[in-house]
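Here is a short report for a reader new to this structure. Please look at the model first.

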Amino acid sequence: MPDATHTHGARDSHVLEATHPLDGLTPSEIDRVRAALDAAGELAPDTRFPLQVLLEPSKAALAAWRPGAPLGRRVLSTLLDTGSGRVREAVVSLDDDRVESVEVLPTGEHPYGQPPYLFEEYELVDEVVKADAGWRRAMEARGLTEMDRALVVPLAPGQFGEVDEVGRRMMRSLTFMPPAEGDNPWSFPVEGLVLMVDVTARKVVKLVDERQVPLPHLDANYDDAAVGERRSSLKPLEITMPEGPSFSVDGAAVTWEQWRFRVGFSMREGLVLHELGWQDGDELRSVLHRASVPEMVVPYGDTTETRRWISYFDAGEYNLGKNANALQLGCDCLGAIHYFDAHLAADTGESITIPRAVCMHEEDYGVLWKHRELDGETVHGRRSRRLVISYFATVGNYDYGFFWYLYLDGSIQFEAKATGIVFCGADAPGLDLPHATEIAPALYAPIHQHIFCARLDFDVDGTDNYVEQVDLERIPMGERNPWGNAFGYRRERIAEPAGLVGDGALGRTWHIGSSSRTNAVGRPTEYQLIPEARATLMADPASTVWGRATFATRHLWVTAHRDDDLFPAGRYPNQHAGGAGLPEAIEAGGAVDGGDLVVWHAFGLTHIPRPEDWPIMPVDYSGFWLKPYGFLDRNPALDVPDAMRGCGCGDACQCAHGHGGHDDRGGHEGHHGHDGEDRVAIR
C-alpha cells in the first residue's frame, strides 16, 4: 500500500539481504566473494577488483524460481594483478561460497582490451607524472613552477595499434594549472603537453610537447564567493504530498499505479530496471525484462595531438555505477523522495556503499488529457503525473543524469542529462578554429559527442517479439492520390539481426510487438520506440573509434537475446582494437522475427560548445520515448481523479489547482501555507 505517513522529505531503502535473484549485490555478498577467492588462493597482495557484476539468471530459471528457493546467485569478478598486469575472470557461487572458475584473459594478444580503471590508478598516474623529469622541464619551460598545484588528469588512451601501447595497461595524461589553490582547474589547460603512462610499470613511456600556449587569464570560479549575491526574485516552491506518495516499496520491488518493476544497480551500468510490467486488471503483463544504459562514448573531433585520441567509454573504461553520486534532497530530487543505496566492490574487493545512489519520486507533468464540450463551458481534464527513477554519475569533468520516467498512460521515457564542465584547450584569443569554439577569451572547447546506448530487453506480452520499422509515406498525385493531399505509412519487418538508422524526415519509429497476442481491434500488441534520431558517430569509418564504438554508428540495433550479451562495445572496450559487442552479436545471428530479442538504441548529443556552457554547463538533454501502441485497448488513464478533489475541471476549471492564480488587479490568489509561502500540493 502507498505510505501515507511519508508526505515530504526522504525515506531510504537499505537492502542488506538479497531475497530475490535480481536484487543488487549486498555488502555481505561482496565480502563473501572476496573471502571465497582468498580462501581458494586466488588473491595476492596486489590483486584488485576493477569490475564485479552479478551474473543474472536466465529468463527460464527466473520464471521457475519461487520465494524461499535458493537464489542461485553467481558473481563475476574481474581480477587485476597490478604488479604484473595479469587479468583474470573469476566466478563465485553464493549458494555455497564456492569458486566455480578462474580464467586468465589474453589481454596481451589481439584484439587486446583492459578492465576499467581503478580509483587508486588515478593517484598513481598523478605521482608518476609529477615525478617525471620530462614533465617538470616542460612545465618549467612554460613558467609553471608550482608543480604540486597542477591537476594531472589520468585518461583512457584510446587504441591506435601503436607498438609501444598495445597489450599493456596504459593511460594518457593532460595537465591543468589553476591560478590558486582551490580554483576551478578546468579552464587552465597546459596546452600541447600529453604523456603516456604505463600503469603496470609505473613510468612515463612517451611525452609529446606539441607547442606552448599561455594559460588563459580568467576568473573561472562559480562558487558563492565568485558569483556574489544571489538573485532574490525567485520565490520558494515547495512540493508536499499530504497523503504520502502513491508508490509502495518492498525491498527492491516497486508498485506505482499500474506499473510494477524492480530497482537494480550495477557497478558497470548504474541503474537497472528489471521486470517492468503493467497491471491490467488481474493480469500482470510484461513490457521490458531489463532496461539499462550500459555504455556511452564521448569522441572528440579535434586533430591536435593533445586531444585527437579522446574517445571515452564512460561505462567500459571508468564504471558508471562506481562513479555514482550520493544524492541530496532538494538539489538532485525534490518532493517526497525514496532513495536506494548502491553496494559495490572497492578496488581491493571489500564492499563499499554509495548512500542514496538512486532517487525515486513523483512529479506533476502538466495536462494528461482535456476537452471542452460543445456547450463552450463544460471542460473535462486531468493532470498528468510521472514516476521518476534516477541517478547521477560524475566522470572527471562531466556529470551525467540518467532518468527513467513512467507515465499514467503506459508511456516510458528515458532522458540523459549532461552537465558539469566542458573539457577545454588553450590558444590565442580570437581565432576561428575548425574543430573548437572559443567559449571564453583564449579558452577553446573542442567539438565532441556524447552518444549513449540503451539496452532494452523487450518482452512485450511474452518473449515471442518482432520489430517493425514504420515510415511516413508520400503518395504522388495520381490514381491513389487524385487531389494531392493523401499520404500514408509503411511497415517493414526486421527479419534478421541488423543495425538501422533513424530518419526524422520520414517520422521513422520502430514498433516492438507480440507475435501471439492481439488487442480489441485484432492487431498485435506493441510498444513504439520514438527516437530523436540526432547525429550518429561523426568519425570516419576507417577510424579506430568507429571500430570500437560501432554501436554509435546506427540509431537502432536488433539482436537475438543472449544472457551474457549486455554491453554494446563488449565487456572490455578499454584499449580494445574493436569489433566487440554489437558487431559480434549481429554476426552470431539468431531469431529476431518472433523470437526473444533485444533492442539497442543509440542516442545523444553533438556538442558544439558555446560561451553559455562556461564556467559550468547548464543541463543538455537527450533521450527517447516508448509508447504503448495497441498494447492497451483504450486510454488507460480515464479513471485518474481530478487534480483537486471536489473541484474538477468539469466545473469549468474554476479552482486554482493548488498553485493559485492572478486576478485582473494584479493580486495573487491561491493556496498558502501558514507562513505565507506558496505551496504546490500534489494529490
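This is a predicted model: local features need pLDDT of at least 70, side-chain atom pairs count only at pLDDT 80 or more; totals for chains, interfaces and linings use all residues.

Residues are numbered from 1 along each chain as its sequence is written, and side-chain values use heavy atoms, with hydrogens and water left out.

**Disulfide.** The count comes to one disulfide (a pair of cysteine sulfur atoms within 2.5 Å). Cys333 and Cys359 form a disulfide, with sulfur atoms 2.1 Å apart. The pair links distant parts of the chain, 26 residues apart. Cys333 sits in the loop between strand E17 (311-313) and strand E18 (336-345), and Cys359 in strand E19 (residues 351-372). Strands (E, at least two residues) and helices (H or I, at least four) are DSSP runs, numbered from the N terminus. Both Cys333 and Cys359 are buried.

**Accessibility.** Buried means under 20% relative accessible area, exposed over 50%, and partly exposed in between (1.4 Å probe, protein chains only).

| Residue | Relative accessible area | Class |
|---|---|---|
| Cys424 | 3% | buried |
| Cys453 | 0% | buried |
| Gln575 | 6% | buried |
| Val227 | 43% | partly exposed |

**Gln575.** Gln575 belongs to strand E33 (residues 574-576). A polar atom of the Gln575 side chain lies 2.8 Å from the backbone oxygen of Arg168.

**Val227.** Val227 is in helix H5 (residues 224-227). Tyr222, Val227 and Ile616 make a nonpolar surface patch of about 240 Å². Nonpolar side chains are joined within 5 Å, like charges within 9 Å.

Technical notes:
A polar contact is a pair of N or O atoms within 3.5 Å; within protein, one must be able to donate a hydrogen and the other to accept it, and residues adjacent in sequence count only if both atoms are side-chain atoms. Patches are made of residues with over 30% relative accessible area and no salt bridge: like charges are joined within 9 Å, nonpolar side chains (Val, Leu, Ile, Met, Phe, Trp, Tyr) within 5 Å. Accessible areas come from the Shrake-Rupley method with a 1.4 Å probe; for residues, only the protein chains shown count as cover. A salt bridge is a side-chain nitrogen of Lys or Arg within 4 Å of a carboxyl oxygen of Asp or Glu.
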